[in-house]
Amino acid sequence: MQQLREKAGFICDMDGVIYHGNRIIEGVHQFIHWMIDNNKKFVFLTNSAERTPHELSMKLERMGLTVSAEHFYTSAMATAEFLHSQKAGCTAYVIGEAALTKALYDHGIYMNDVNPDYVIVGETRSYNFEKLEKAIELVRKGARLIGTNPDITGPTEKGIMPATGALIAPIEIATGKKAYFVGKPNPLMLRHGLKKLDCHSQDIAFIGDRMDTDIIAGIESNIDTVLVLSGVTALEDIDRYPYCPKYVLQNVGELPAGHNV
């Protein structure tokens, strides 16, 4: 644990690590204050594409935590950067929230429901059959299918709810086309996190609550992994996987250990 506390910085997942929906998880206040007091570099990396960094900052502010927008990086931002690098000036049909659309606009990617280059799906509460039908039509016509992340479910204050992987599955089934997912466990996300921190991978630890996205992403990026049991993974679930995290904590509040490094 002392080796972990001496890391120069941390890349942290959000859902299931920092909060459940609109409820801060136990120990998070102490963890963030500890990082700030000890001059740790940190970035919150979320597979969710529902909110912009500013909105995430405001959400934490409402829950009593002050973290500036520069500390956040989302799968919407990663998706926009990926598509811009693949085909600058491309167009897309989007099933998702405003934060995803904004990230795309910021990279010169505009909306098109006639003959788009891509169909992009992210978390949304406005999912309906009409949008699903349109997406299937466009993918069948040749649009490439992109998911902001592969998560089937995600934790909320109401319990486990469907996420992007579940929303995009009907499109894959109906078209016979597999989506490309930009978010974790795709190493692209962690590479962006390392770039924001300007740190070497050996000086960073990655904290997440999911074995199938967070922990495998850290392992494949050669970053020490910390599994917290405050999200979707229980202790007995770890043995179901052929790999394991380097550290297991009940929650991030165990990291400060009540004293400074």
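Contact, as the word is used here, means that heavy atoms lie within 4.5 Å of each other. The model is a predicted one, in which local features need pLDDT of at least 70 and side-chain atom pairs count only at pLDDT 80 or more, while totals for chains, interfaces and linings use all residues. Residues are numbered from 1 along each chain as its sequence is written, and side-chain values use heavy atoms, with hydrogens and water left out.

**Overall picture**

- The protein has nine helices and 15 strands, where helices (H or I, at least four residues) and strands (E, at least two) are DSSP runs numbered from the N terminus.
- The radius of gyration is 18 Å, close to the 18 Å that the globule rule gives for 261 residues, so the protein is as compact as a globular protein of that length; the radius is taken over C-alpha atoms, and the rule is 2.2 Å times the number of residues to the power 0.38.
- Taken along the principal axes, the box that the C-alpha atoms fill is roughly 60 × 35 × 35 Å.
- Of the 261 residues, 56% are buried, a word that stands for under 20% relative accessible area, with exposed meaning over 50% and partly exposed the range in between (1.4 Å probe, protein chains only).
- Among contacts between residues at least 6 apart in sequence, 69% join residues at least 24 apart.

**Surface and charge**

- The accessible surface comes to about 11,800 Å², and 50% of it belongs to carbon and sulfur atoms; such areas come from the Shrake-Rupley method with a 1.4 Å probe, and for residues only the protein chains shown count as cover.
- There are 26 positive and 32 negative side chains, and the centres of the two sets lie 4 Å apart; Lys and Arg count as positive and Asp and Glu as negative, whereas His and the chain ends are not counted.
- The place of a charge is taken as NZ of Lys, CZ of Arg, CG of Asp or CD of Glu.

**Helix 8 and the residue that follows it**

- In helix 8 (187-197), the residues Met189, Leu190, His192, Gly193, Leu194 and Leu197 are buried, and what covers them includes strand 1 (9-12), strand 4 (41-46), strand 5 (72-74), helix 4 (75-86), strand 13 and helix 9.
- Lys41, in strand 4, is partly exposed at 37% relative accessible area, and apart from residues up to four places away in sequence it touches Ala8, Gly9, Phe10, Leu197, Asp198 and Cys199.
- A polar atom of the Lys41 side chain lies 3.2 Å from the backbone oxygen of Leu197; a polar contact is a pair of N or O atoms within 3.5 Å, where within protein one must be able to donate a hydrogen and the other to accept it, and residues adjacent in sequence count only if both atoms are side-chain atoms.
- Lys41 and Ala8 are 33 residues apart in sequence, and their C-alpha atoms are 6.3 Å apart in space.

**Backbone exceptions**

- Most residues other than glycine have a negative phi, and most peptide bonds are trans.
- The peptide bond from Lys184 to Pro185 is cis, with omega near 15 degrees, and Pro185 is placed in the loop between strand 12 (180-181) and helix 8.
- Asp198 has a positive phi of about 55 degrees although it is not a glycine.
- Asn222, also not a glycine, has a positive phi of about 60 degrees; this residue is in the loop between helix 9 (211-220) and strand 14 (224-228) and counts as exposed at 60% relative accessibility.

**Two buried polar residues**

- Asp214 in helix 9 counts as buried at 0% relative accessibility, and a polar atom of its side chain lies 3.0 Å from the backbone nitrogen of Asp209.
- Asn251, in the segment after strand 15 (247-249), is buried at 14% relative accessibility, and its side chain reaches the backbone nitrogen of Gly253 at 2.8 Å.
- Leaving aside neighbours within four places in sequence, Asn251 is in contact with Ile25, Glu26, Gly27, Val228 and Ser230.
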